Amino acid sequence: MLTSVDTELMRVLADPLRLQIVTLLARETLCTTHLVEETGARQTNLSNHLKVLREAGVVETEPCGRFTYYRLKPEVLDTLAGQFATLAATARANADTKRSCP
């Protein structure tokens with residue numbers, strides 16, 4: 001069980017469309033119109049996924065006239081990466097540890 005890794009954030013990022021959105025936003029700040037063009041998703045579906053990402057703290061918004069731009073918050077991914085790095089270090093340190101069977 002991955003108790004040291006943020007399981008809620010993992011659940012949020014496990015969705016293929018949300019992961020695609022995060023990947024796109026890693027490259028540049030985009031509005032919903034751009035994301036619809038890039039992903040081919042329907043605007044309502046995309047908006048729902050952006051809401052989930054926003055509530056999870058993965059993206060932040062920037063109003064610009066009648067458009068809303070979305071920006072990835074890299075520190076959230078840094079934290080998750082750090083949690084996985086710690087988990088990997090623990091696995092390396094305990095590679096020879098084996099519990100005997102009863």
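Two strands pair if DSSP finds at least two bridges between them. Strands here (E, at least two residues) and helices (H or I, at least four) are DSSP runs, numbered from the N terminus. An open sheet of three strands has the order E1-E3-E2, with antiparallel pairing.

This is a predicted model: local features need pLDDT of at least 70, side-chain atom pairs count only at pLDDT 80 or more, and totals for chains, interfaces and linings use all residues. Residues are numbered from 1 along each chain as its sequence is written, and side-chain values use heavy atoms, with hydrogens and water left out.

**The sheet**
- Strand E1 (30-31) and strand E2 (59-64) are the edge strands, and each pairs on one side only.
- E1 pairs with strand E3 (residues 67-72) in the antiparallel sense, over two bridges.
- Leu-30 stands opposite Tyr-70 in E3.

**Helix H1**
- Leu-9, Val-12 and Leu-13 are buried in helix H1 (residues 7-14); buried means under 20% relative accessible area, exposed over 50%, and partly exposed in between (1.4 Å probe, protein chains only).
- Seen down the axis of H1, the buried residues fall within an arc of 90°, so they line one face of the helix; the arc is that of the directions from the helix axis to the C-beta atoms.
- Thr-7 and Ala-14 are exposed on the other side of H1.
- Helix H2 (16-27), H4 and helix H5 (74-93) are among what covers the buried residues of H1; contact means heavy atoms within 4.5 Å.

**Thr-44**
- Thr-44 is found in helix H4 (residues 43-55).
- Thr-44 is exposed, with a relative accessible area of 55%.
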